[in-house]
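Good morning, colleagues. May I ask you to turn to the structure on the screen while I take you through some of its features.

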Amino acid sequence: MNKALVVDDEKLIVKGIKFSLEQDGYEVDVAYDGSEALKMAKEKEYDIVLLDVMLPEMDGMEVCQAIREFSEMPIIMLTAKGTDMDKILGLEYGADDYITKPFNILEVKARIKAIIRRNSKKSKAAQKNERIIEISDLKLDLDSRRVFEKDKELNLTAKEFDILELLTQNPDKVYSREKLLSIVWGNKLHEAGDVRTVDVHVRRLREKIEPNPSEPKYIHTKWGVGYYFKE
């Protein structure tokens, strides 16, 4: 269920928008002044915020700018002011769209749907990109478990990939040999052998990913402690 925040000091307008959006299945919260709106936006991540410009306590521009300091939730400005300069100011303060009063509720809902759809596509693209790790000339595809150096695919074993994935996702964090053995080999410690197993796998991994394995660029040793990945 999409969540909407409707902010306007004209209670009839708020009531009408709230009713219409609830008919479309939205969960709707309302606020009647800028301070209340900002407080609610900090407490909950909304899929859309309808924000009037002329508000008590804090005006809509101030609220929009304050929200942009901690969230990218979509914001549509509502205003009786119709000049191009007002629209430009609203967009510069971080608004995604601008609707002038009086408005048709069907147009408002169409704009909301368009922004939510666009935002959803961005989120999916971002989630997809998160499954790719690129550091310098290395690229890890976490879904296909493939590693590339520039355009050349590197042939890593399953355990080598597990070690590299763990270290790249936690850069500069030092893992002891015992910790790597526990995380990568899990409950099969008795089958994996002692900590020298880790050293062997790290050495082979360096031979595959490092330009010069004797002077590692990526996987570094913290003497007496363990291994870490340097971005």
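This is a predicted model: local features need pLDDT of at least 70, side-chain atom pairs count only at pLDDT 80 or more; totals for chains, interfaces and linings use all residues.

Let me begin with helix 1, residues 11–23. Which residues of helix 1 are buried? They are Val14, Ile17, Ser20 and Leu21. Because these four cover an arc of only 140° around the axis, they lie on the same side of helix 1. The face turned away from that buried side carries exposed residues, namely Lys11, Leu12, Lys15, Phe19 and Gln23. Just after helix 1, glycine 25 adopts a positive phi of about 95°.

I turn now to the helix pair. Helix 7, residues 177–185, packs against helix 9, residues 196–209, at an angle of about 80°, and their axes are 9 Å apart. The two helices are therefore roughly perpendicular. From helix 7, Arg177, Leu180, Leu181 and Trp185 meet Thr197, Val198, Asp199 and His201 of helix 9. By type, the residues of this contact comprise four nonpolar, two polar and two charged.

Lastly, consider aspartate 162, which is placed in helix 6, residues 158–169. Leaving aside residues up to four places away in sequence, aspartate 162 touches Arg145 and Val184. The C-alpha atoms of aspartate 162 and valine 184 are separated by 6.3 Å, although these residues are 22 residues apart along the chain.

Technical notes:
Residues are numbered from 1 along each chain as its sequence is written. Side-chain values use heavy atoms; hydrogens and water are left out. The expected span of a helix is 1.5 Å times one less than its number of residues. Buried means under 20% relative accessible area, exposed over 50%, partly exposed in between (1.4 Å probe, protein chains only). The arc is that of the directions from the helix axis to the C-beta atoms. Axes are lines fitted to C-alpha atoms, for helices over the stretch in contact, and angles run from 0 to 180 degrees between N-to-C directions. Angles under 35 degrees count as roughly parallel, over 145 as roughly antiparallel, 65 to 115 as roughly perpendicular and the rest as oblique. Contact means heavy atoms within 4.5 Å. Ala, Val, Leu, Ile, Met, Phe, Trp, Tyr, Cys and Pro count as nonpolar, Asp, Glu, Lys and Arg as charged, and the others, Gly among them, as polar.
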